[in-house]
Amino acid sequence: RVFPSARKYSSAEEFLETFEAVVGSFGTNGYDVGAYHSFSGGKNSILNAWLDGSKWTEKQAAKDKSKEKEDDDSSDDKK
């Protein structure tokens with residue numbers, strides 16, 4: 001399968017997580033990740049989000065926010 005758009009990944013970690021999400025979903029169930037959206041006639045926004053990098057950015061932001069909260073919580077414990 002070939003996807004219509006190409007882009008450069010910012011890191012090997014980003015490529016690996018995108019590959020696992022897209023190919024892993026297809027390999028597991030025979031459908032693209034988020035395919036249930038496209039079955040109802042809609043655009044497959046989940047697949048497109050992985051392919052354009054926005055899903056990676058979203059996950060990194062959530063990860064950073066979680067890390068900040070952990071840091072804040074641990075500094076509160078030291079007081």
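Begin by selecting glutamate 14, which is buried because its relative accessible area is 3%, where buried means under 20% relative accessible area, exposed over 50%, and partly exposed in between (1.4 Å probe, protein chains only). The model is predicted: local features need pLDDT of at least 70, side-chain atom pairs count only at pLDDT 80 or more, and totals for chains, interfaces and linings use all residues. Residues are numbered from 1 along each chain as its sequence is written, and side-chain values use heavy atoms, with hydrogens and water left out.

**First stop: glutamate 14 and its partner**

Glutamate 14 is placed in helix 1; helices (H or I, at least four residues) and strands (E, at least two) are DSSP runs, numbered from the N terminus. Which residue forms a salt bridge with arginine 7? The partner is glutamate 14, and the closest N and O atoms are 2.9 Å apart. A salt bridge here is a side-chain nitrogen of Lys or Arg within 4 Å of a carboxyl oxygen of Asp or Glu. Arginine 7 counts as partly exposed because its relative accessible area is 26%.

Next, display the surroundings of glutamate 14. Leaving aside neighbours within four places in sequence, glutamate 14 is in contact with Arg7, Tyr9, Gly53 and Trp56, contact meaning heavy atoms within 4.5 Å.

**Second stop: threonine 18**

Move along helix 1 to threonine 18, which lies in that helix. An α-helix has 3.6 residues a turn, so residues three or four places apart point the same way. Is threonine 18 buried or exposed? Threonine 18 is buried, because its relative accessible area is 2%. A polar atom of the threonine 18 side chain lies 2.9 Å from the backbone oxygen of glutamate 14. Not counting residues up to four places away in sequence, threonine 18 touches Arg7, Tyr9 and Trp50.

Select lysine 63 and glutamate 13, whose side chains meet in a salt bridge (3.7 Å, N to O). This pair links distant parts of the chain, with lysine 63 in helix 4 (residues 54–78) and glutamate 13 in helix 1, 50 residues apart. Lysine 63 counts as partly exposed because its relative accessibility is 48%, and glutamate 13 is partly exposed because its relative accessible area is 43%.

Then select glutamate 17 and lysine 59, which form a salt bridge with the closest N and O atoms 2.6 Å apart. Here too distant parts of the chain are linked: glutamate 17 is in helix 1 and lysine 59 in helix 4, 42 residues apart. Glutamate 17 is partly exposed, with a relative accessible area of 22%, and lysine 59 is partly exposed, with 37%.

Select Ala21, Val22, Val33, Leu47, Trp50 and Leu51, the 6 residues of the largest nonpolar core. Such a core is a set of buried Ala, Val, Leu, Ile, Met, Phe, Trp, Tyr and Cys residues joined through side-chain atoms within 4.5 Å. Which elements give two or more residues to this core? They are helix 1 and helix 3. The largest share of the core, 3 residues, comes from helix 3.

Now colour helix 3 (residues 45–52), whose buried residues are Leu47, Ala49, Trp50 and Leu51. Helix 3 is followed by glycine 53, which has a positive phi, near 95°.

Phenylalanine 19 counts as partly exposed because its relative accessibility is 42%.

**Last stop: the whole chain**

The secondary structure comes to 4 helices and 0 strands. Buried residues make up 20% of the 79 residues in the chain.

Note on methods. A polar contact is a pair of N or O atoms within 3.5 Å; within protein, one must be able to donate a hydrogen and the other to accept it, and residues adjacent in sequence count only if both atoms are side-chain atoms.
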